[in-house]
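Please have a look at the sequence and the fold before going on.

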Amino acid sequence: MEISVAIIGIIVLFLILKLFKASFKLILKFIVNSVIGVVILTIANALGANIEITTLNAFIVGVLGIPGVILLLLIK
């Protein structure tokens, strides 16, 4: 009985760690995309694009990355 509980516990722990690893990679990718996007938007603003850095723009850039910056430039 105790061995089966230990095996189930190990399996549950493994699944939880696998879930956190996947979500951590996704969050890290989102943060990296957002930082790169804000840098590119700042450079574009310095060159005269006049795109505000808002929460919505940061979300678009965070999800889409550099294509999100290009999209914002085209919309402007």
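Where does UniProt place the feature "transmembrane region"? The unreviewed entry puts it at residues 6–24, 31–49 and 55–75; UniProt positions are given in the numbering used here, feature names are shortened, and annotations may be inferred rather than shown by experiment.

## About the model

This is a predicted model, in which local features need pLDDT of at least 70 and side-chain atom pairs count only at pLDDT 80 or more, while totals for chains, interfaces and linings use all residues. Residues are numbered from 1 along each chain as its sequence is written, and side-chain values use heavy atoms, with hydrogens and water left out.

## Two annotated stretches

Let us start with residues 31–49, where the chain is 84% helix and 0% strand, with end C-alpha atoms 23 Å apart. Residues 55–75 are 95% helix and 0% strand, and there the end C-alpha atoms are 16 Å apart. Helices here are DSSP runs (H or I, at least four residues), as are strands (E, at least two), numbered from the N terminus.

On the α2 side, N57, I60, V61 and L64 meet I66, P67, G68, V69, L71 and L72 of α3 (contact means heavy atoms within 4.5 Å). By class, this contact has eight nonpolar, two polar and no charged residues. Ala, Val, Leu, Ile, Met, Phe, Trp, Tyr, Cys and Pro count as nonpolar, Asp, Glu, Lys and Arg as charged, and the others, Gly among them, as polar.

N57, in helix α2, counts as buried at 12% relative accessibility (buried is under 20% relative accessible area, exposed over 50%, partly exposed in between, with a 1.4 Å probe and protein chains only). A polar atom of the N57 side chain lies 2.5 Å from the backbone oxygen of E52.

N33 sits in helix α1 and is buried, with a relative accessible area of 17%. Leaving aside neighbours within four places in sequence, N33 touches V61, G62, V63 and G65. N50, in the loop between α1 (2–46) and α2, counts as exposed at 57% relative accessibility. N50 has a positive phi of about 55°, although it is not a glycine.

How values were computed
Polar contact = N/O pair within 3.5 Å; in protein donor to acceptor, adjacent residues only side chain to side chain.
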